[in-house]
Amino acid sequence: MNQRTPTLLYIDDDEALAHLVDRGLTRRGYKVIHAASGEEGLERIRSAASQGCIDVVALDQYMPGLDGLETLEQIMAIPDAPPVVFVTASQDSSIAVTALKAGAADYLVKDVKGDFIPLLHVAAEGALRQAELQRAREEAEAEIHASRDRYAALAAERELLLREVNHRVGNSLQIIASLLHLQASSAAQDEVKAALTNAMGRVAAVAQVHRRLYTSQDLKSVVLNQYLDSLLEDLRRSAEGNRMSRLTVKAEPIEIDPDRAVAVGIIVNELVMNAVKYAYPDGAGPIHVELISNGDDLLLSITDNGVGDNVKADPRSTGMGQRIVAAMASKLDATVERDPAHSGTRIILRFRSTPAASGKASSAAAG
């Protein structure tokens, strides 16, 4: 593939020197266009700007009308202007500094015999390479900005979709919980009523996580104090809500990922419902849920002041609650133990806010 011959615009009022530059650079593979004044040079650059047919400019300092520095200033104001090599017969270094600060790509001193033409060729080649690198850098930066904009748009769309998914899932689960509540209310057998109520609480624990994610600014975490407040409020409104008037919660604003929040919520639901059913055979009593941080660990406790170890085994119990607590504790990599010093029942879970690499969990009594 043939490369296009680069074009140099030589702006100088010296016709003889312009002829020497034309001859010298043509032999080196350039096409040379001559402009005899700054005004003419600017007109040629503006006319060629849209076509990009001037690749580099050699600009003399001393000319009638606009001098080199004045012309350079106006060239730099033209969009996509070609690079400029500033050429002057003056040995004054301040002119070089001024030209470079104004945007010139290079600077060289000329002579009337044309001995500077090889240097002009080298300077023009360097200016073209510099301009090419600048264009490549600008294109790369533009692509980076475009990629960032695309990523931001995709991230915003993904967040919107996730919020919509959480909203729909939360609503669907809430409908299921409401249906279970209605079925429990109309059930004639106590065993069926209790089973449906337990199922409702489990569904509500998951639904609350999705509702929290839908309303949260962060879709990757759940704030546990807000989650537990809402979860226990759901339990108070459950089929056995009349026995939960003394249900309290105290939790720190700890953030964990949604999957682990679901496990925490299901464990709390099982242990609270277990306390409601067995801790106070003669009526309602206090049940307290507490979540605190202890170093790198989180401590979750469910406490009642009921009959404790004196509770009679319920022959109708299936052990489902115990198996669910054990499964969720394993998901959290949590240890679950009973506080032997407490007169009633106090179950304590110890786990980390972030998943551990591996580990085993023990189970606690739950019916």
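This is a predicted model: local features need pLDDT of at least 70, side-chain atom pairs count only at pLDDT 80 or more; totals for chains, interfaces and linings use all residues.
Colleague: What is the strand order in the open sheet?
Modeller: The order is S7-S9-S10-S12-S11, five strands with mixed pairing.

Colleague: Which strands stand at the edges?
Modeller: Strand S7 (247-251) and strand S11 (335-338). Each has a single partner strand, so one side of each is left without a neighbour in the sheet.

Colleague: How many degrees does the twist average from one strand to the next?
Modeller: The average is 15 degrees.

Colleague: And S11 with S12, parallel or antiparallel?
Modeller: Antiparallel, over four bridges, with S12 spanning residues 345-352. Within that strand, Arg350 stands opposite Thr335.

Colleague: What does helix H8 touch in the sheet?
Modeller: Helix H8 (residues 258-278) packs on the sheet and touches S7, S9 (287-294), S10 (297-304) and S12. The direction of H8 makes about 175 degrees with that of S12.

Colleague: Switching to the helix pair. At what angle do H7 and H8 cross?
Modeller: Roughly 40 degrees, and their axes come within 11 Å. Helix H7 covers residues 224-236.

Colleague: Left-handed or right-handed?
Modeller: H7 passes H8 in a right-handed crossing.

Colleague: Which residues make the contact?
Modeller: From H7, Leu224, Tyr227, Leu228, Leu231, Leu232 and Leu235. H8 contributes Ala261, Val262, Val264, Gly265, Val268, Asn269, Val272 and Met273.

Colleague: How many of those are nonpolar, polar or charged?
Modeller: The contact of H7 with H8 has 12 nonpolar residues, two polar and no charged ones.

Key: Residues are numbered from 1 along each chain as its sequence is written. Side-chain values use heavy atoms; hydrogens and water are left out. Two strands pair if DSSP finds at least two bridges between them. Helices (H or I, at least four residues) and strands (E, at least two) are DSSP runs, numbered from the N terminus. Axes are lines fitted to C-alpha atoms, for helices over the stretch in contact, and angles run from 0 to 180 degrees between N-to-C directions. Contact means heavy atoms within 4.5 Å. A crossing is left-handed if the near helix is turned anticlockwise from the far one by less than a right angle, and right-handed if clockwise. Ala, Val, Leu, Ile, Met, Phe, Trp, Tyr, Cys and Pro count as nonpolar, Asp, Glu, Lys and Arg as charged, and the others, Gly among them, as polar.
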